[in-house]
Amino acid sequence: MSSRVVLALDQGTSGTTALVVDSDGRVIARGYAELPQYYPQPGWVEHDPEEIWATVGQAATVALAEARVRAADIAAVGITNQRETTIVWDRTTGAPIHRAIVWQCRRTAPFCERLRADGLESHVRERTGLVLDAYFSGTKIRWLLDEVPGARKRAEAGELAFGTVDAWLLWKLTGGRVHATDVTNASRTLCLDLRTTRPTSPTPRARSVSTCARAIGTTRCSGSSACRGLSSRRCGHRPVSSARRADSAGCPMACRSPASPATSSRRSSGTPATSPVTPRTRTAPAVSCCSTPATLPSRRATGVPGDAKNTYGTGCFLLLNTGHAPVASRHGLLTTIAWRLDGRITYALEGSVFIAGAAIQWLRDGLGVLRTAGESQRIAESVPDTGGVYLVPAFVGLGAPYWDMRARGTIVGLTRGTTAAHLTRAALEAIAYQSRDVLEAMTADAGIVARRLRVDGGASTNDFLCQFQADILDIPVIRPAVTETTGLGAAYLAGVGAGLWRSLDALAARASIERTFEPAMNASTRARCYDGWRRAVERALQWEPSDPSGPRGEP
């Protein structure tokens, strides 16, 4: 690779991280911008799409300034993103018709429960590998089209565009010229057939979900291997040629609508000509996309069937590579697309935990127990145990393997002796317990016993969490020197896709292990602690009563 750099944009639920990666594959600069969260009703979670875009610019500006590189030095841009979060916007103005409905949002739970009651879940699982849960994009699209006045008619007229966060950022980065996604994101919408990667209508009763998506043009994935460059139409850039190797995990799969995206020189709303990621260079950077847990497909991450990796972020996402054939789960996991390289799909079993690092944010922002998330380790280690306290952070229901949309956050075992330190320790332990729930389901599904767990993500820097995770799983936990693996993976995919590096394996070979946490807990203590967790979860399940009428807009 030349002296030029790759810019990685890791747009997560809590904020956006930008990484500048040099020609040796090293992270030389970072930028971060926190993203505001909106909770209009209990169980509802929203983001402002324009604020998502603003955090990208802020984080990129900081990272590029720290690296002391010019925008013209950016050879490629990699995007990794929070998945399932749903945005619908006007094709002409680029303005969102509503706040983004975040993946954690529970507003469509009653509709999902009606589809389950009608016996549709087995059909959905067979086609999409997913479950009927408010987590995924399909029912969020339906809500937006039914609840925003006039939205359905505008969608049917081809005036609106739907996208997950990757598609929204691509639209903004290209000045409205590219409306695209990749199969790892598309596979999380309930609108994609897992085997054919084509739009799907699981049954006639569920057809409205995929029909809604088709009406706004983001369910048809083709084999396009690269975006056409950043704001090339608007800034006069020459389009970049297709990437050579990366097919979908490396670069976005085109999901073009029947109506073409904006083709005039009109600026898309909110896209400044001087944005650090829309440089006025003669040749614009190539762009690659991949959903957050799927990044860095290498033999040192989840590249070998049986390897397990856990990403600790706002939520917690554990992946087990199952090879080139999808494995149907019988124990509450999702069958998903991990990546597609050189036209070949690799599948994975995934366990999605909705609340992980967000529990620490809640202690900080909601209860004021912590001043910063970083001090959680010190406070947790100030007590020898939780004093019998368990925190089940089912703030938006429970994901894998329970899939209970009506579970709610629960604290059990409180006494007069319970302190903030006990609560903090219980919150960190809950992340590890939930990961064990998922890993046990994976073992039951795949018949493969994990011998080690690789970890990454922001919370993986917490030594207490990593040690307790090793203890409760009774396997080593391996932490890399660079824990921002998702962003780094996006950068690697972008660089390989643009022909700047030869292979992902060659890059991954440069990665190093910072620390291995060996299990130190005895078997009886491990069994006692986990049994207490399971009993606590039982108290949280089905807490929210069922409302036959449902919220407004749910029949």
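Is aspartate 474 buried, partly exposed or exposed, and what is its relative accessible area? Aspartate 474 is partly exposed, with a relative accessible area of 42%; here buried means under 20% relative accessible area, exposed means over 50%, and partly exposed lies in between (1.4 Å probe, protein chains only). The model is predicted, so local features need pLDDT of at least 70 and side-chain atom pairs count only at pLDDT 80 or more, while totals for chains, interfaces and linings use all residues. Residues are numbered from 1 along each chain as its sequence is written, and side-chain values use heavy atoms, with hydrogens and water left out.

Of the 555 residues in the protein chain, 62% are buried. Among the contacts (heavy atoms within 4.5 Å) with a separation of 6 or more, 76% are between residues 24 or more positions apart.

All 7 of its 7 residues are buried, so β1 is largely enclosed by the rest of the structure. In a regular strand the side chains alternate between the two faces of the sheet. In β1, Val5, Leu7, Leu9 and Gln11 point one way, and Val6, Ala8 and Asp10 point the other way. Strands count as paired if DSSP finds at least two bridges between them. β1 pairs with strand β5 (residues 74-81) in the parallel sense over 7 bridges, and alanine 8 has glycine 78 as its bridge partner there. With strand β2 (residues 15-21), β1 pairs in the antiparallel sense over 6 bridges, and a hairpin of 3 residues joins the two. Within this pairing, aspartate 10 stands opposite threonine 17. Helix α4 (residues 137-147) is mostly covered too, with 10 of its 11 residues buried, including Trp143 and Leu144.

Charged residues come next. Side chains of opposite charge can pair when their charged atoms come close. A salt bridge is a side-chain nitrogen of Lys or Arg within 4 Å of a carboxyl oxygen of Asp or Glu, and the whole structure holds 32 of them. One of these joins arginine 526 to aspartate 474, with the closest N and O atoms 3.2 Å apart. This pair links distant parts of the chain, 52 residues apart: arginine 526 is in helix α16 (residues 523-540), and aspartate 474 is in the loop between α13 and β19 (477-480). Arginine 526 counts as buried, at 10% relative accessibility. Elsewhere, Arg83, Glu84, Arg188 and Glu350 are linked in a network of salt bridges.

The side chain of aspartate 471 does reach the backbone nitrogen of methionine 521 at 3.4 Å.

Finally, the cysteines were checked for disulfides, meaning pairs of cysteine sulfur atoms within 2.5 Å. The count comes to 0 disulfides. Cysteine 112 is buried, with a relative accessible area of 0%, and cysteine 316 is buried at 1%.

Notes: A polar contact is a pair of N or O atoms within 3.5 Å; within protein, one must be able to donate a hydrogen and the other to accept it, and residues adjacent in sequence count only if both atoms are side-chain atoms. Helices (H or I, at least four residues) and strands (E, at least two) are DSSP runs, numbered from the N terminus.
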